[in-house]
Amino acid sequence: MRVSRRTLMQTAAVAGFAGTARAADAIKIGIPVALTGPLGGIGAQMRQACEFWAKQVNAKGGLLGRPVELIVEDTAANPATTVRKVQEMVERNGVRLITCIVASNEALAVVPKLAEWDTIFVSGDNGDGRLTGESLVPNFFRPNVSGPMGTRAVTLWLRDSPMKKFYGIGMDYAWGHNSMEVFEAEAKRAGKEFLGAVFSPTGTKDFSTYITKIRQSGAEGCYLVLAGDDNVAFLTQAKQYRLGEKIQLLTEQVDEMGINASGDASVGLIGGSRYPASLDNPANKAFVAAWKAEYGRLPQMFEGDQYQSCVVMQAGIEKAGSIEAAKLRPALEGLVVNSVKGPITMRACDHQAEQPGFVVKVVKVAGMEHPVPQVIATYPADRVTPPCNKMVYTD
Amino acid sequence: MRAFVCVAIVLAMAPLGLPLFAMTLLTEALILGLLAMSLDLMVGYTRLISFGHAAAYGLGAYASGYLLLHTSLPLPFAVLSASVLAGVVAIGVAWVCTLAKGVSFSMLTLAFAQLLYAVAFKWTSVTGASDGLAGIPRTAGPFGMTVLQTKNGYYYLVLVCLLGAYAFCRSLVGSPFGAVLRGIRENEAKTLSLGYNTRLYKIAVVAVSFALGGLAGALYSPFAGFANTELLFWLFSGQVLIMVIVGGQGTLVGPILGAAFFMLLEHVLSEYTESWALFFGLIFIGFVMFAPQGIWGLLTRRARA
Amino acid sequence: MDLLSFLLVQCLNALSQAALLFFLGVGLTLIFGIMRIVNFAHGTFYMLGAFLGYSVVRLTGSFWAGLVLGPLVAGGIGAAFELGLLRRLYGRDDSAFLMVTFGLTLVLGEIIRLVWGVNALQVETPEALSGIVFLLDEPFPVYRLFLAGAGAVMAVGIWQFLERTRLGLLIRATSQNAEMVHALGVDVNLVRSGIFGIGCGLAALGGVLAAPLLSASLGMAGNAIIDAFVIVIIGGMGSFPGSLLAAVLVAFVQVFGTYYFPDFALAAMYLLMLLVLVVRPGGLLGKEA
């Protein structure tokens, strides 16, 4: 008998099952995640969160008395591969529920086919505003924070800051432009001056020219919409040019991988965080303790956000008593979940979860190898979540 | 001829026997096979090594996707128009690229393909930039035919296109035109001295190759429902070239097998291990060392032995 | 920032960028010039250099050790690959080399991922080079000055090596007429392995030098290989002075082009490549292929 990785995964997930149902009755959840390629680091985090959650659930008797089985496939963040893999999961394995897609362009390719597949997609980290806006489909749900929400948290914090003039640098594709638009609109509404922005192609290695432009702009703060290798390269080089001494660097999301790769260069960075492990509420304390016991370290941002999505899926399935789309969809709409970020509500109007926004600052802490993000501001859900189907705010 | 009819019949019966997902894989394999075969016209028959064939695929995919999203053109016409567009664009590209020979030619194809990638990446209104075009519908055929909107119906469309293109290519390489191409492949200087305008022939074969590659792309975007910049990336061009070489260049059939093999291998390997790229690379190296004539060479050698 | 300091800073930015591009391109052009092999795995050796640099710095604390050991190990791997595999393919057509080096890219890339993991790893600039200097009141990182200087030194060094040393003479002779060199009693195979190793080693050196600017990451190879190709194509395949000229040209076009026309940053390099090839199909200083 062929022992594929899928078979091994099944055995692993079901092995933790403390119940009496057979493996054939398992609840199958599709995990089409980028494990190789430049986004592999994020994919690894998201998968780990799903495995952790599945293990927890199975140890307590599973969902609806049935074991949870994760079907993991590598998409290498190529949308064509993602569509093919999900199609296979649906047609060959009878999967009706997917999560853990890494890149927004993968998500955008999958979303139009959800109706044809009769499958529900619960996002773990896809932040593109359009997924709950113009590209919304009934089978898509977003428990995580969107890009506009991250920007919103930062601009709310800026309202109390004495800084007046801002410049921006973003990656030259959809996310970079969308986030910069939201920032510009929000900054202006906060009475600040937006001096302009520059966009760098994905894969830019040398940011010296961009650093010069930022310096010349006369801004007091610079908003960064960068991710992955580009983010690390920019932060490292900005430090070498001592840019942070003149200009406060702000960013949409502060994640541990970027901090670890840029080290001291990210100290002083202020930005949004989708999930700070230091949150003080009972659900998060339990989660962090269990995570530490299992893996010997604190959970990172993408792990926490994906875990929240898994918990939302769980709550929906338990309420619906089924994973069929026709029953799960109405169960998820309007659902209130006690999450690691506190109580969150999955809105019925656009399937976005209303939740608080956090602003963090990266600081050096004695005794820790890398700098850490520290929460400096928290904003309640109603201030951070945009109006239904929109990506712009009105207050 | 007999073999061709047999294969056609077998493939036509596939939907009766194969499970649902295998049909999905087969449809995509046939599309990629068409793409690889189109490149073989350039690589195998004329020794024009192109590092930019993804441009043909991407052009076809975006063109048909755009037409299906924004006009109510019936699907077969959208696909055909996209293919013609790719061929026409290729004439211009080939005109410039054939100013050079050998490695320089290959590098020019790379430059053009990357330029197209850059344009597609920035031209938001037409290509959707980095997100590409999503939700591409399969519009009803002419006279309100809906058969193409079903899974099996679409499979037959792809099959007919592939078989038709194959028959066309076969007759092309067997014709006097094909003889000149082979002459260019073996010894361009001599062919030139015989009085043939080799440059015109090269431009022609690139245009045909692009038109067929564009046809493949045009069939892909309604099949997958989207078109994005990954389809234009140079890495994909390299993969198509590999498909041709692994399959057996200069045989038309070999590259089709090569494409199917490549796709299946990637799919199956990635199920078994995260390190699938490692085995993928080792298999290619193995092919070069031990099976230089490619898959088709292996098959025909065994048949003869 | 006034015009003079702006120009000074941007020119130095361009020169430091040119140095990195030169290191990438010179190895590839040497390999092609001598062996007629298009080394698809060149970007992966660059990436390997960066990761090796990271490990050496972690183990020994010395960046300088990384600069020496990284290229040596990478060059060794390259030479071994040539010895074991490439050597059997001479006499076959170009597509064989293409496939084999493409296969090597996949294999080596995956090995790097298995050894070093999926996350980007930071390489600290060495203490001595992590300061800044003030050029007409504008801060400029010392490390970039070092890069520009290293590029110049390397360029001169390679030139002298090719012109003045016996090995350099052998290399140049082999590129022009391998059979004659063989007839003169020289082990041409050894020269070839050496060249392939040196080419890969130079790419790795570029990777080690780039690491403090970018950190070592799995996405490096894909970017690097296309940059390397562009440099070599513009300069002329097989031309060492061509790769130097191309590196400087591309760097200046990128730095000043990005400043004045940021929208064309992505397309700039390819437009330049197209322009050069249309005017001179063999590259700026290449022999017509």
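Predicted model: local features only at pLDDT ≥ 70, side-chain atom pairs only at ≥ 80, totals over all residues.
Local features are taken at pLDDT of at least 70 and side-chain atom pairs at pLDDT 80 or more, while totals for chains, interfaces and linings use all residues. Residues are numbered from 1 along each chain as its sequence is written, chains are lettered from A and ligands numbered from 1 in the order in which they are written.

Chain A is divided into domain 1 (5-145 + 279-354) and domain 2 (148-273 + 357-384), with bounds that come from an automatic or database domain assignment. The centres of domain 1 and domain 2 of chain A, taken over C-alpha atoms, are separated by 29 Å. Across the boundary, 10 residues of domain 1 of chain A are in contact with 14 residues of domain 2 of chain A; two residues are in contact if their C-beta atoms, placed from the backbone, lie within 7 Å. On the side of domain 1 of chain A that touches domain 2 of chain A, four residues are nonpolar, four are polar and two are charged. In this classification Ala, Val, Leu, Ile, Met, Phe, Trp, Tyr, Cys and Pro count as nonpolar, Asp, Glu, Lys and Arg as charged, and the others, Gly among them, as polar.

Chain A contains an open sheet of seven strands in the order β7-β6-β8-β9-β10-β14-β15, with mixed pairing. Strands (E, at least two residues) and helices (H or I, at least four) are DSSP runs, numbered from the N terminus, and two strands pair if DSSP finds at least two bridges between them. Strands β7 (193-200) and β15 (372-379) of chain A stand at the edges with a single partner strand each, so one side of each has no neighbour in the sheet. On average, neighbouring strands of this sheet are turned by 25° against each other, direction ignored; the axes are lines fitted to C-alpha atoms, for helices over the stretch in contact, and angles run from 0 to 180 degrees between N-to-C directions.

Strands β6 (residues 165-171) and β8 (residues 221-225) of chain A pair in the parallel sense over five bridges, and Gly168(A) stands opposite Tyr223(A) in β8(A). Strand β10 (residues 270-273) of chain A pairs with β14(A) in the antiparallel sense over four bridges. Here Gly272(A) stands opposite Val359(A) in β14(A). The pairing of β14(A) with β15(A) is antiparallel and has seven bridges, with Thr378(A) in β15(A) as the bridge partner of Phe358(A). Five of the seven residues of β14 (residues 357-363) of chain A are buried, so this strand is largely enclosed by the rest of the structure. A residue is buried if 20 or more other C-beta atoms lie within 10 Å of its own, exposed if 12 or fewer, and partly exposed in between, with C-beta atoms placed from the backbone.

Ala76(A) is buried, with 21 other C-beta atoms within 10 Å.

Chain C has 11 helices and two strands, which run α-α-α-α-β-β-α-α-α-α-α-α-α from the N terminus on. The radius of gyration of chain C, 19 Å, is close to the 19 Å that the globule rule gives for 289 residues, so chain C is as compact as a globular protein of that length. This radius is taken over C-alpha atoms, and the rule is 2.2 Å times the number of residues to the power 0.38. Along the principal axes, the C-alpha atoms of chain C fill a box of roughly 60 × 50 × 35 Å. Of the 289 residues in chain C, 58% are buried. Among contacts in chain C with a separation of 6 or more, 76% are between residues 24 or more positions apart.

The contact between chains C and B takes 33 residues from chain C and 32 residues from chain B. On the chain C side, α4 (94-116), α9 (220-235) and α11 (265-279) are the elements that give two or more residues, and α4(C) has the largest share, 14 residues. This side divides into 25 nonpolar, five polar and three charged residues. The contact between chains B and A takes 20 residues from chain B and 22 residues from chain A. On the chain B side, α3 (20-46) and α13 (253-272) each supply at least two residues, and the classes are eight nonpolar, eight polar and four charged residues.
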